[in-house]
Amino acid sequence: MIETRNGIRGKVCSTCKQWKPLDAFPTDPTHPPSQGGRHCRCKECHRKIAGRKRAATRTIGSAISILAALLFLIGIAAAKDKLTYETGKLIDLSVQDVTRGFLVVGGMAAPVPGKLYVFQIQLGDLVYFAEYKAGKHSYKPEWVVNDPIEFRTDKDDKAFLKRSDGKELEVVVVKKVRQQ
Ligand SMILES: [Zn+2]
């Protein structure tokens with residue numbers, strides 16, 4: 001309803017309940033002449049509400065980005081867990097003393113002792129011979145001959161044995177033998 005105060009035509013804003021001159025209200029042709037053809041909410045209140053809506057949209061937007069990032073990270077973790085292992089059977093594990101290199105001590109070359117482990121893993125009708133070289137005391141195989149062993153092969157004749165702690169032991173596939 002139009003209320004004239006001090007000769008100025010105005011009305012009370014439906015939101016802030018303040019009387020303001022008509023030009024403080026946005027024009028709106030859907031409002032009848034009795035309301036001055038103006039919106040019932042003043043321009044200032046319009047701005048405030050629009051600002052709150054924008055802020056809410058921003059909050060939702062950033063929540064969605066955080067969620068997307070989380071899903072992405074979960075996806076990576078899942079992909080890591082999804083390394084597919086095949087279960088073979090450890091049919092033999094041989095250990096040999098080897099020289100891992102030479103160390104020059106006082107002008108003399110001293111051999112560095114090490115151990116060479118050769119895993120024989122049967123998968124289907126193939127037996128993989130895979131080697132792992134380690135320092136003399138730095139490694140203890142955790143597998144039991146004749147037990148199942150989980151492993152995956154790599155294109156470069158590498159294989160990875162799944163260890164009990166979930167990590168992998170990288171070995172070199174030196175030979176594959178097909179069972180007759
Ligand atoms: Zn207002």
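These are my notebook entries on one predicted model.

**Ground rules**

I number residues from 1 along each chain as its sequence is written.

**Entry 1: overall layout**

I listed the elements first. The protein chain has 1 helix and 9 strands. Helices (H or I, at least four residues) and strands (E, at least two) are DSSP runs, numbered from the N terminus. Read from the N terminus on, the order is β-β-β-α-β-β-β-β-β-β. I then looked up the radius of gyration, taken over C-alpha atoms. At 39 Å it is well over the 16 Å that the globule rule gives for 180 residues, so the protein chain is more spread out than a compact globule. The globule rule is 2.2 Å times the number of residues to the power 0.38. The C-alpha trace spans about 110 × 55 × 25 Å along its principal axes.

I noted two domains: domain 1 (3-81) and domain 2 (86-178). Their bounds come from an automatic or database domain assignment. The domain centres, taken over C-alpha atoms, are separated by 68 Å.

I checked burial next. Buried residues make up 11% of the 180 residues. A residue is buried if 20 or more other C-beta atoms lie within 10 Å of its own, exposed if 12 or fewer, and partly exposed in between; C-beta atoms are placed from the backbone.

I found an open sheet of 3 strands in the order 1-2-3, with antiparallel pairing. Two strands pair if DSSP finds at least two bridges between them. Strand 1 (3-5) and strand 3 (19-21) each have a single partner strand, so one side of each is left without a neighbour in the sheet. The twist averages 45° from one strand to the next. Angles here run from 0 to 180 degrees between N-to-C directions, with axes as lines fitted to C-alpha atoms, for helices over the stretch in contact.

Strand 1 is joined to strand 2 (residues 8-12) by 3 bridges.

I stayed in strand 2 for Arg9. Arg9 counts as partly exposed because it has 13 C-beta neighbours inside 10 Å. Leaving aside neighbours within four places in sequence, Arg9 is in contact with Ile2, Thr4, Leu22 and Gly36. Contact here means C-beta atoms, placed from the backbone, within 7 Å. I also took the distance from Arg9 to Asp154, 145 residues along the chain: their C-alpha atoms are separated by 84 Å.

**Entry 2: the barrel**

I traced 6 strands closing into a barrel in the order 4-5-6-9-8-7, with antiparallel pairing. Neighbouring strands of this sheet are turned by 40° against each other on average, direction ignored.

Strand 4 (residues 86-105) is hardly covered, with a count of 1 buried residue among its 20 residues. Strand 4 is joined to strand 5 by 15 bridges, one of which pairs Leu90 with Ile121. These two strands form a hairpin with 2 residues between them, and Gly106 in the turn has a positive phi of about 55°. Strand 4 also pairs with strand 7 over 4 bridges; there Thr87 has Glu150 as its bridge partner.

Strand 8 and strand 9 (residues 168-178) pair over 5 bridges. Phe160 stands opposite Glu170 in strand 9.

**Entry 3: the core**

I looked up the largest nonpolar core and found 10 residues, including Tyr117, Phe151 and Leu161. Such a core is a set of buried Ala, Val, Leu, Ile, Met, Phe, Trp, Tyr and Cys residues joined through C-beta atoms within 7 Å. Strands 5, 6, 7 and 8 each supply at least two residues of this core. The largest share, 3 residues, comes from strand 5. Ala130 touches several residues, among them Phe119, Ile121 and Ala159, not counting residues up to four places away in sequence.

**Entry 4: positive phi**

Most residues other than glycine have a negative phi. I logged Lys17, with a positive phi of about 60°. Lys17 lies in the loop between strand 2 and strand 3 and is exposed, with 8 other C-beta atoms within 10 Å. I logged Asn146 too, with a positive phi near 85°. Asn146 lies in the loop between strand 6 and strand 7 and counts as exposed, with 10 C-beta neighbours inside 10 Å.

Key: Predicted model: local features only at pLDDT ≥ 70, side-chain atom pairs only at ≥ 80, totals over all residues. Contact = placed C-beta atoms within 7 Å.
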